[in-house]
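The sequence and the model are shown first, and a description of selected parts follows.

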Amino acid sequence: QLVQDCLSGLPFSIPQIQPGTEDQAAGSPPLLPYASVGEIAAHRRLDDGRFNILVQPLARIQLLQELSGDTLYRVAEAQVLEDIPTDSGLLSRMGNQARGLFIGLIPASGQASVAQGLAQVPADRVPDLISGSLLNDQEKQVFLAENNPMERAHMVYQRLIERRAEQLQAAES
């Protein structure tokens, strides 16, 4: 139902559940306060009724309160978090470096498709886009709460450097 409702262009978010509350009664465990919101940029319906979707991130949000509704999914009021102005040239250079490091972490069989997909993303948006696959749950909350794009890019870049070092160390073993 969520995908069907969002195909009309409505934005959506899938916030993280507070750790340790996953088994909470009533099926509505508390949510962490920060999330990203996006819209479905492309989709393909599968034969079994499920969807493959490509989500275009739009903004970072802070959840304010959960709303009651008659949908199969949870609905909340949220506030968009604004970024502070930053040096776009420096952010783009950092994004290009992050793009290269990220592609290098992907197994060779998938590098071409990841590189092709990331080539379509403006360099200054790359750190935000790849953060979800690099940061742990606690780091994601810090990342999403941060209003300085350079600080967010630095968090992602540091994690990429750590992953690359781990990859090289494993190759030497």
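Aspartate 87 caps the N-terminal end of helix H2, with a side-chain oxygen 3.0 Å from the backbone nitrogen of glycine 89. This distance, like every other value in the report, comes from a predicted model.

Helix H2 covers residues 88-105, and at 1.5 Å a residue its 18 residues should span 26 Å; the C-alpha atoms at its ends lie 25 Å apart, which agrees with that expectation. The buried residues of H2 are Leu91, Met94, Gly95, Ala98, Arg99, Phe102, Ile103 and Leu105. An α-helix has 3.6 residues a turn, so residues three or four places apart point the same way. The cover over the buried residues of H2 includes helix H3 (108-119), helix H4 (126-130) and helix H6 (149-172).

Proline 107 belongs to the loop between H2 and H3. Its relative accessibility is 56%, and because exposed means over 50%, proline 107 counts as exposed. Between proline 107 and phenylalanine 12 there are 95 residues of separation in sequence and 30 Å in space, taken from C-alpha to C-alpha.

## The three-stranded sheet

Three strands make up an open sheet, arranged in the order E1-E2-E3 with antiparallel pairing. Strand E1 (34-45) and strand E3 (75-81) are the edge strands, each pairing on one side only. From one strand to the next, the twist averages 60°. Strands of a sheet pair through backbone hydrogen bonds, either parallel or antiparallel.

The two pairings are set out below.

| Strand pair | Bridges | Direction |
|---|---|---|
| E1 and E2 | 11 bridges | antiparallel |
| E2 and E3 | seven bridges | antiparallel |

Alanine 42 has leucine 54 in E2 as its bridge partner. Isoleucine 61 has valine 80 in E3 as its bridge partner, and glutamate 66 stands opposite alanine 76, also in E3. The hairpin of E1 and E2 has five residues between the strands, and in this hairpin glycine 49 takes a positive phi near 95°.

Serine 131 lies in the loop between H4 and H5. Is serine 131 buried or exposed? Its relative accessible area is 8%, and because buried means under 20%, serine 131 is buried. The side chain of serine 131 reaches the backbone oxygen of aspartate 128 at 2.9 Å. Leaving aside residues up to four places away in sequence, serine 131 touches Phe143 and Val156.

Conventions:
Residues numbered from 1 in each chain as written. Predicted model: local features only at pLDDT ≥ 70, side-chain atom pairs only at ≥ 80, totals over all residues. Heavy atoms only, no water. Helix = DSSP H or I, 4+ residues; strand = E, 2+ residues; numbered from the N terminus. Expected span 1.5 Å × (residues − 1). Buried < 20%, exposed > 50% of the residue type's maximum accessible area, 1.4 Å probe, protein only. Contact = heavy atoms within 4.5 Å. Polar contact = N/O pair within 3.5 Å; in protein donor to acceptor, adjacent residues only side chain to side chain. Pairing = 2+ DSSP bridges. Axes fitted to C-alpha atoms, helices over the stretch in contact; angles between N-to-C directions.
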